Amino acid sequence: MPNEGYANCRFYVRIANETQVVFTEVSGLQVETDVQNYEEGGNNGFVHRLPGRTKVGNLTLKRGITSGNEFFKWYANVAQGKIDRRHVSLVVFDPEGEVLAQWDFESAFPVKWVGPQLVADGNALAVETLELAHAGLTRSK
């Protein structure tokens, strides 16, 4: 099996099975397990290190601002107590267009929305950010 690296620029995000191709950046793809130290009585020269609770990070999506405001509406509904959980998938493609990897995030909902930074003399892309909490992730490919 060849151990090759791939560019990180070919990906799609699907929210509720609808492909969103306008994201410029995705971050927060992480799983972390806490370590519990257990000191055994009578053995002062050693501490057992045991796996504890596993937690997942929030998924952060960035995209150029569009005329639609569906992400702000989704977040605003959550802020008003109307939790709308959605299935989110991150699909990465190889140079030939074949699916290289796919991560699925269950029961995702927005916990933060950040609007673009606007500068009168700037020419950078206006970017909005949506941060999603979720109930866990799996890798299906």
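## Glu128 in strand 9

Glu128 lies in strand 9, residues 127-133. Strands here are DSSP runs of E with at least two residues, and helices are runs of H or I with at least four; both are numbered from the N terminus. The model is predicted: local features need pLDDT of at least 70, side-chain atom pairs count only at pLDDT 80 or more, and totals for chains, interfaces and linings use all residues. Residues are numbered from 1 along each chain as its sequence is written, and side-chain values use heavy atoms, with hydrogens and water left out.

Buried or exposed? Glu128 is buried, at 6% relative accessible area. The cut-offs are under 20% for buried, over 50% for exposed, and in between for partly exposed (1.4 Å probe, protein chains only).

## Partners of Glu128

Which side chains make polar contacts with the Glu128 side chain? Arg63 does, at 2.8 Å. Trp113 does too, at 2.7 Å. A polar contact pairs N or O atoms within 3.5 Å; within protein, one must be able to donate a hydrogen and the other to accept it, and residues adjacent in sequence count only if both atoms are side-chain atoms.

Neighbours within four places in sequence aside, Glu128 also has contacts (heavy atoms within 4.5 Å). Among these partners are Leu61, Lys62, Ile65, Phe71 and Val114.

Ala16 is not a glycine, yet its phi is positive, about 55 degrees. Ala16 sits in the loop between strand 1 (11-15) and strand 2 (18-20). Its relative accessible area is 46%, so Ala16 is partly exposed.

Ser107, also not a glycine, has a positive phi of about 55 degrees. Ser107 belongs to strand 8, residues 99-114. Ser107 is partly exposed, with 29% relative accessibility.
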